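Let's take a friendly walk through this model, beginning with a pair of helices and moving on to rings, charges and a loop.

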Amino acid sequence: MPLVVGTALLAPAACTSAGSSTPTPTGPTGSTTPGVSAEPTGRSGIPEGGLTIPGLDIAQSVNNDPALPISISRPIVPGQAALTDAIKAWADAQEQAFRQNYLPSPEGAPELNITWQVAMANASLIGVRVHEREFAGASGQSSNHVFYGDVTTGAVHQAVDLVAAGQADRLAGLVWAAAAKLADPVEPAAPTGPDAARLLTDLVPAPDGTLTAYLDQGAVAAYSAGNLTVTLPAAQVTPLLSDFGRAVQSAVASGVPYAGPAPVPAAPSAPPAQPTEAAPPVQPPPVQPPPVQAPPGQAVDCSTLKCVALTFDDGPGAYTGKLLDSLAASGTKVTFFVLGQNVTVRPDIVARATAAGHVVANHTWDHRDLKKLTASQQASEVSTTSDAIRTATGVPTTLMRPPYGSFNDSVRGLGQAIIMWDVDTLDWKYRDSAEVTRRALADVKRGSIILMHDIHATTVDAVPALVSALMQRGYTLVTIPQLLGSAKAGTVYYSATRAN
Ligand code: NI
């Protein structure tokens with residue numbers, strides 16, 4: 001199957017913490033010219049040009065505590081177990097270090113966000129860029145790393161492996177000199193020895209033989225200069241490349257497209273791999289509850305009925321399909337607040353949800369704390385996700401839920417109705433189906449909006465019994481539009497009866 005450009009990643013956006021010295025952005029990855037340097041222009045500082053490859057899946061780890069917000073998304077690359085595992089190990093190490101360094105704090109909560117994109121993919125190699133952003137108080141920093149997976153052998157390399165032995169200082173010097181033309185360097189000279197590697201974490205060749213280096217914030221210039229990008233001419237970089245580096249360079253130049261994972265014995269055509277740490281167990285079919293009163297997709301008179309809305313955040317995930325099966329069995333319609341990045345990986349799931357009468361709404365692109373972003377970054381988080389939803393489902397949305405429930409006045413000004421909740425199951429914390437049901441039933445009342453997350457197997461497993469119990473108590477389960485009628489942009493809704 002051919003490569004598909006992830007169009008949602010191509011939307012222009014402000015860069016992370018870009019200062020007044022921000023250089024003029026250039027075009028997408030691959031269209032840069034030798035010697036020209038620019039800051040990445042992708043959403044929230046991640047470079048443009050992310051790709052989608054067939055069979056790609058996502059694993060997520062989200063700590064929904066607003067006092068210690070953590071959102072980690074990583075790819076499960078088809079046929080690339082070693083690459084998948086290497087990125088998992090890196091992400092796990094980042095999370096562990098973050099949790100050791102920071103304690104939960106309701107005031108100025110530290111935040112960790114890891115996201116990713118496919119930086120290159122062809123018949124020989126897949127390059128995955130992981131993008132880490134860490135915030136402590138008001139300041140933040142971000143970094144990129146590229147991992148390369150060999151499609152044929154399954155071997156994993158990091159970007160620095162593109163550089164020949166003994167040439168790291170030389171290449172780092174070229175990168176540093178080019179970056180120093182963009183923003184004033186903090187140090188008087190390029191780093192050498194072990195320090196040189198920090199300029200070589202994200203190296204991606206282009207078809208014309210040039211090499212683009214995306215730099216961590218603070219790697220050369222001040223943090224406020226953002227993630228600087230430099231592109232070096234082929235004539236300069238080729239002599240400095242390792243055998244592996246030259247192989248990558250020629251593979252990119254060959255332009256032979258990625259054709260899917262190498263055939264392996266045993267189940268090559270199986271569905272996309274599930275997160276290895278949480279494979280969904282085979283469950284018996286859900287118990288068939290009595291039918292709900294609400295007809296799909298139609299107006300429901302919540303002035304006479306005891307309406308309640310079930311909402312599911314952070315997906316679509318590995319268990320969302322199973323949830324849709326379970327909701328279909330009971331005829332229940334719900335609302336999904338999805339991440340734009342996940343929509344591009346699982347567009348079929350959100351299309352299926354919409355076709356089944358559920359509502360798919362906006363939970364931003366990559367689950368960042370919106371209060372830590374600039375107004376233009378906030379707008380980009382919402383608009384790219386709305387575009388992805390409309391592309392996948394054909395249905396626009398103006399309902400959004402900010403990650404961690406965190407918003408400010410500028411978020412209210414984005415033309416969205418902000419949908420909060422009045423019943424929090426804390427399903428992300430307890431991971432216990434019975435506890436999810438118990439908490440939901442303990443706090444529910446007429447007009448409630450119940451918060452859950454369909455990225456957890458325990459939550460999805462809780463739904464049949466919860467739906468049944470709510471209906472036995474006389475509740476009508478509805479979508480957010482059915483519950484609220486016409487929700488107003490800029491208004492914050494906590495339930496059908498509480499808004500401001
Ligand atoms: Ni969330």
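## Two helices side by side

Helix α5 (residues 320-330) and helix α12 (residues 457-472) have axes that come within 9 Å and cross at roughly 10°. Axes here are lines fitted to C-alpha atoms, for helices over the stretch in contact, with angles running from 0 to 180 degrees between N-to-C directions. That angle makes α5 roughly parallel to α12, a label for angles under 35 degrees, where over 145 is roughly antiparallel, 65 to 115 roughly perpendicular and the rest oblique. On the α5 side, K322, L323, S326, L327 and S330 meet V460, D461, V463, P464 and V467 of α12; contact means heavy atoms within 4.5 Å. By class, this contact has 6 nonpolar, 2 polar and 2 charged residues, with Ala, Val, Leu, Ile, Met, Phe, Trp, Tyr, Cys and Pro counted as nonpolar, Asp, Glu, Lys and Arg as charged, and the others, Gly among them, as polar.

The model is predicted: local features need pLDDT of at least 70, side-chain atom pairs count only at pLDDT 80 or more, and totals for chains, interfaces and linings use all residues. Residues are numbered from 1 along each chain as its sequence is written, and side-chain values use heavy atoms, leaving out hydrogens and water.

## The chain as a whole

The protein chain has 13 helices and 20 strands, taken as DSSP runs numbered from the N terminus (helices H or I, at least four residues; strands E, at least two). Of its 500 residues, 55% count as buried, meaning under 20% relative accessible area, with exposed over 50% and partly exposed in between (1.4 Å probe, protein chains only).

## Charges over rings

A charge sits over a ring if NZ of Lys or CZ of Arg is within 6 Å of the ring centre and within 35 degrees of the ring normal. Here are two such cases:

| Charged residue | Ring | Distance to ring centre |
|---|---|---|
| K306 | Y475 | 4.3 Å |
| R498 | Y494 | 4.1 Å |

## A loop residue

V395 lies in the loop between α8 (375-393) and β15 (399-400), and at 39% relative accessibility V395 counts as partly exposed. Leaving aside neighbours within four places in sequence, V395 is in contact with T354, I389 and R390. V395 and T354 are 41 residues apart in sequence, yet 8.0 Å apart in space, C-alpha to C-alpha.
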